[in-house]
Amino acid sequence: MSHPQYLITSISNSGSAPENSFRKLQNAAACPSAPYGEMFKLEVPSLMVGTLDSLMNLSDDLGKTDSIIESIVRKVEKSSMDLAGKKATELTVGGVPSTRYIQQFAWDYAKYPNRRPLKELVSLISSGVSAIDEELKQLSSSYADKQAALQDAKRKKGGNLTTVDLNDVLEEKVVKNLKLFDTEYLKTVFVAVSKSQVETFEKEIYVLGGELVGYGGPDWSRMPNGLGQPQNFGSQVNRHQKKGSPVVPGSLEKVMADNDSVLYTVTVLKGMYEAGYYEGEEFIPGTKIDLLEAFSKILREKRYAVRENFTYDPSKQGKSAMLMEQLQVEVDNMRSGLTRWCKTHFGEAFVAWMHIKVIRVFVESVLRYGLPVDFTAVLYKVANGKEAMLVSALDKAFGETVKGDDLDDEEEYHDFVLIKFEP
């Protein structure tokens with residue numbers, strides 16, 4: 001969004017009437033002979049001066065505070081524009097455009113008492129804006145989470161068999177004809193396979209994970225009399241001398257297909273127990289290996305979509321559509337609420353920003369012109385493309401611009417206070 005350019009300027013009254021300074025500022029850059037902008041008187045209240053050291057320290061901090069508050073104002077503004085999209089309208093400050101507010105600026109003595117120490121006043125303003133920033137972060141995060149949930153619901157509703165909610169596409173009569181196991185030892189899993197991979201999948205399914213399961217046991221050929229009798233083999237038995245896949249032979253079933261993929265069921269061993277054993281008098285407990293997770297990982301590496309944690313429930317059929325509608329309503333309500341919040345808090349943040357600008361003018365003017373406080377401040381609305389001309393005219397009228405080795409990063413010094421402002 002394009003913002004008009006403003007310059008805030010102050011000059012010392014040098015003991016003369018403020019009206020004289022006002023005319024000088026007008027004649028310098030906002031008159032028919034110098035039409036570089038439109039000028040407005042800026043009300044700067046009588047603030048507490050404190051000590052010179054405190055003013056100098058505050059001057060350094062004010063520049064940073066100004067930038068931080070501006071970034072929050074921009075953040076609220078951008079959030080509002082993003083939410084509104086093409087329907088975006090100009091945000092207002094107290095019901096009026098921001099440009100009119102600053103051109104008719106009046107200090108809010110009730111909200112920001114001018115007789116409080118300047119450091120406290122700046123802290124009061126910045127803490128209020130920081131609270132706005134924190135609340136915006138929380139609201140935006142909640143809104144983003146809800147949007148993500150809605151997109152996920154849409155993906156599941158409109159996707160293929162790799163992502164869709166299977167309760168919505170599986171018919172009860174189809175499921176009844178499937179051999180589904182979920183026992184202590186066996187688990188039937190649903191796997192969606194791209195049509196381009198179907199042939200490969202059906203060929204390799206029974207050998208996938210061929211290194212996972214140990215099918216070895218005692219060598220009964222050496223002790224046929226012990227067959228079927230309890231024996232204490234312990235660590236002498238190498239379960240992994242013979243390995244294989246956890247897939248139950250003959251368990252692969254084709255369930256259904258869509259335009260992109262095919263859905264299968266396959267039954268696998270859930271886990272494998274490595275027997276405990278004795279080391280002398282001490283028993284070393286056995287361990288259980290999760291074969292299901294290891295096998296699922298192999299399928300994913302092959303780019304087969306394992307529909308994990310899915311259990312068919314006919315009562316859930318159609319619930320994903322209801323969930324999506326509910327999420328859409330919640331997203332719309334949150335968008336409306338966040339839009340209203342942005343409109344309200346943009347004004348609050350902008351008011352705070354303008355008051356910080358005015359405090360900066362006061363502090364810089366006191367440091368520049370000394371005590372007693374005696375200066376006049378104005379606001380120039382710069383004519384399009386004439387900022388350099390306006391500043392040059394002010395330099396000609398009130399002093400010379402200095403650019404030298406003593407100044408950092410091309411910083412300009414003027415014989416008057418000059419603060420740029422792009423509301």
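## A pair of strands and their sheet

Strand 1 (residues 6-12) and strand 17 (residues 375-382) run antiparallel to each other and are joined over seven bridges; two strands count as paired if DSSP finds at least two bridges between them. Within this pair, Ile-11 sits opposite Thr-376 of strand 17. What you are looking at is a predicted model, where local features need pLDDT of at least 70, side-chain atom pairs count only at pLDDT 80 or more, and totals for chains, interfaces and linings use all residues. Residues are numbered from 1 along each chain as its sequence is written, and side-chain values use heavy atoms, with hydrogens and water left out.

The pair belongs to an open sheet of four strands in the order 4-17-1-18, with antiparallel pairing. Strand 4 (37-41) and strand 18 (417-421) are the edges, each pairing on one side only. On average, neighbouring strands are turned by 25° against each other, direction ignored. Strands and helices here are DSSP runs numbered from the N terminus (E, at least two residues, for strands; H or I, at least four, for helices).

## Helices on the sheet

Helix 1 (residues 18-29) packs on the sheet and touches strand 1, strand 4 and strand 17, its direction making about 25° with that of strand 17. Helix 9 (residues 319-369) lies across strand 1, strand 17 and strand 18, and runs at about 165° to strand 18. Angles go from 0 to 180 degrees between N-to-C directions, with axes fitted to C-alpha atoms, for helices over the stretch in contact.

## Helix 1 meets helix 10

The axes of helix 1 and helix 10 (residues 387-398) come within 8 Å and cross at roughly 130°. That makes the two helices oblique to each other (under 35 degrees is roughly parallel, over 145 roughly antiparallel, 65 to 115 roughly perpendicular, the rest oblique).

From helix 1, Lys-24, Leu-25, Ala-28 and Ala-29 meet Leu-390, Ala-393, Leu-394, Ala-397 and Phe-398 of helix 10; contact means heavy atoms within 4.5 Å.

## Two buried residues

Lys-357 is found in helix 9 and is buried, at a relative accessible area of 4% (buried is under 20%, exposed over 50%, partly exposed in between, with a 1.4 Å probe and protein chains only). Beyond its neighbours within four places in sequence, Lys-357 is in contact with Ile-8, Asp-66, Ile-419, Lys-420 and Phe-421.

Leu-62, in helix 2 (residues 52-84), is buried too, at 1% relative accessibility. Leaving aside neighbours within four places, its contacts are Val-122, Ile-356, Ile-359, Arg-360 and Val-363. Leu-62 and Ile-359 lie 297 residues apart in sequence, yet 8.3 Å apart in space, C-alpha to C-alpha.
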